[in-house]
Amino acid sequence: MSQFAINLLFVGGSFALYIVIAIWARAGSTKEFYVAGGGVHPVMNGMATAADWMSAASFISMAGLISVGGYANSTYLMGWTGGYVLLAMLLAPYLRKFGKFTVPDFIGDRFYSSGARLVAVACLIIASVTYVIGQMTGAGVAFSRFLEVSSDAGLIIAAVIVFMYAVLGGMKGITYTQVAQYVVLIVAYTIPAVFISLQLTDTFLPPLGLFSDHVQSGVPLLQKLDEVVRELGFVDYTADVDNKLNMVLFTLSLMIGTAGLPHVIIRFFTVPKVADARWSAGWALVFIAILYLTAPAVASMARLNLMTTIFPNGPTADAVKYEERPDWIKNWEKTGLIKHDDLNGDGRIQLYNHSPAFAATATERGWKGNELEVNNDILVLANPEIANLPGWVVGLIAAGGLAAALSTAAGLLLAISSAISHDLIKGSINPHITEKQELLYARISMGLAIVVATWLGMDPPGFAAQTVALAFGIAAASIFPALMMGIFSKRVNSKGAIWGMVAGMVFTCVYIFLYLGWFFIPGTASFENIPENWIFGISPLSIGAIGAAINFLVAFGVSAVTEQPPKAIQDLVESVRFPRGAGTAVDH
Amino acid sequence: MTVHDKNAEAYWKANLRLIIGSLIIWALVSYGFGIIFRPLLAGIAIGGTDLGFWFAQQGSIITFIILIFFYAWKMNKLDKAYGLDEE
């Protein structure tokens, strides 16, 4: 059977599984459709949350970025897990007690203002659309490889499938489908990692393999990797970073953003009890950690395997001949995501860091520039092929990558469409629309969001995980502070909250747009996005943390000079702080 | 119900103390050991690199999980102790 047929079998099979479960679960209960996770055990809810949460960014893109950046990109690992601590302690139990379904609902009620509600809707839409751009980039990469087409064609196919998937709608609400998606994606992620860990370090568990000895050379894996990349002019894999401020702020942006993303928060609104909201966050993190503890092992091992493929006789010997290149390079060349340019005409593939510091060595070896461009986002998907694993493992990882991208993209599109049709149109503009009209608006906004995200995804502001990181920065600067102040302060009033959100949001978006293009439209950036241009060395990926600080400061400042919130609101704040009296989440 | 008595206030204070304590550990393992203090831990070797690298790529994640479960367990006990649980 050809690889193409195997891929089709795995991807088609996994999709069929989700649909069967959706139909079976829906027949069981219609209430499930509304109250996702209502009556579901915290462990199951945790698993479903993990599937919702882990997207193309975690699955496809993150290990690739760590692979290239080494220690410096540990930010993604800490940032995307540490946010759950904030969620469990600062938001989830209280929002569960509050007992409504959407983030704008809470902000609108707590700050007794439809203005605050509208600002929250706007922030939610901007963060979610940015997030979807990242998902589309990742899904496009997966489809282009698996259908053997160009990356742009892959992106358009992904857009069509995501749209159909999201319009099916109710599937998202059904916890068991997400449990199945979690199982598919985690199996797909860990099996190749176990194989590769056994090959390289003779260790079954990849997280332990990362710190074990490399079988072929007998030295620790990370030390071996450092030696190999150093020989080719790259920075050591484990090297410390100089710009610690930026690293701290980037990690903080991701953590705060995690706790401020609407589609994750929603999951905690609907668990049966306040106590369950706390446990659920813990279980979600356990299931997420299985992937996040595997990812750094995948990253380092893939980097070493890549280098060994290109330099089969070690980094000081000749590189592989282009004619004798392995199949995985040929396969990925079709997508345009790997490019070879024989600059020195020797018929070999030199992969190295063409930097001034390495120029002398390069000249000595007759090299005229780096000849192989490898897109970071392909690394996880290509990993089983690079390690010569059997065809079914390659098919499995394609199914896993698509499960991750599609489940999150569909979840976000639903969050966007409900924000527009429910919170914006029904909640503010015209409360009298019928349910049918509401659904129509929901579909239209979903379609619009996909078109915009696909168009911007053609020439994305970064690799999938970087684009997603921008979305986190935006959520960090706008939604998280408003929610937290809504619970922990009785003094912050509607004016404070509105101006805080607006200030944090505008500041963060402007800083990002300056470097990455206005509204992410390619070619409109005001400054080149290089460290020399960043203010105080803070990258656009890290600015969300500063935006959040501005949000807090403005909100407290404005509230201090304006009126106290009404007594009823202070009582509301008081009531969300205590679990007693929490009913089940109410529809409205 | 509105809770204005001393009991509720004490409960909320205990919760805040627990949160602050947990967040200090949260920050210490990630921003501290994983990033800022990594050079200070450089002497402690672990599998071809140093302890700071381990905290940045594994240790912090494991600590986060322990923290959340500890918080959930402790808070559920506090809920009952102050008579503010859901039953």
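Which residues in helix 4 of chain A meet helix 21 of chain A? Select A:Ala57, A:Ser61, A:Met62 and A:Leu65 in helix 4, then A:Ala464, A:Ala465, A:Gln466 and A:Val468 in helix 21, which they meet (contact: heavy atoms within 4.5 Å). By class, this contact has six nonpolar, two polar and no charged residues (Ala, Val, Leu, Ile, Met, Phe, Trp, Tyr, Cys and Pro count as nonpolar, Asp, Glu, Lys and Arg as charged, the others, Gly among them, as polar).

The model is predicted, with local features needing pLDDT of at least 70 and side-chain atom pairs pLDDT 80 or more, while totals for chains, interfaces and linings use all residues. Residues are numbered from 1 along each chain, chains are lettered from A in the order written, and side-chain values use heavy atoms, without hydrogens and water.

Now show residues 56-69 and 464-488 of chain A whole: these are helix 4 and helix 21, packing at about 110° with axes 8 Å apart (helices are DSSP runs of H or I, at least four residues; axes are lines fitted to C-alpha atoms over the stretch in contact, and angles run from 0 to 180 degrees between N-to-C directions). Helix 4 of chain A is therefore roughly perpendicular to helix 21 of chain A (65 to 115 degrees).

Next, display both chains. The contact takes 55 residues from chain A and 48 residues from chain B. About 4700 Å² is buried between them, 71% of it from carbon and sulfur atoms (accessible area, 1.4 Å probe, lost on being put together, summed over both parts). Select A:Met89, A:Phe211 and A:Arg580, which lose the most area in chain A, together 17% of what that side buries.

Three salt bridges cross this interface (a side-chain nitrogen of Lys or Arg within 4 Å of a carboxyl oxygen of Asp or Glu). One joins A:Asp240 and B:Arg38, with the closest N and O atoms 3.8 Å apart.

Finish with residues 52-73 of chain B: the span is 100% helix, and its end C-alpha atoms lie 29 Å apart.

Methods. Helix = DSSP H or I, 4+ residues; strand = E, 2+ residues; numbered from the N terminus. Parallel < 35°, antiparallel > 145°, perpendicular 65-115°, else oblique. Buried area = accessible area lost by both parts, 1.4 Å probe.
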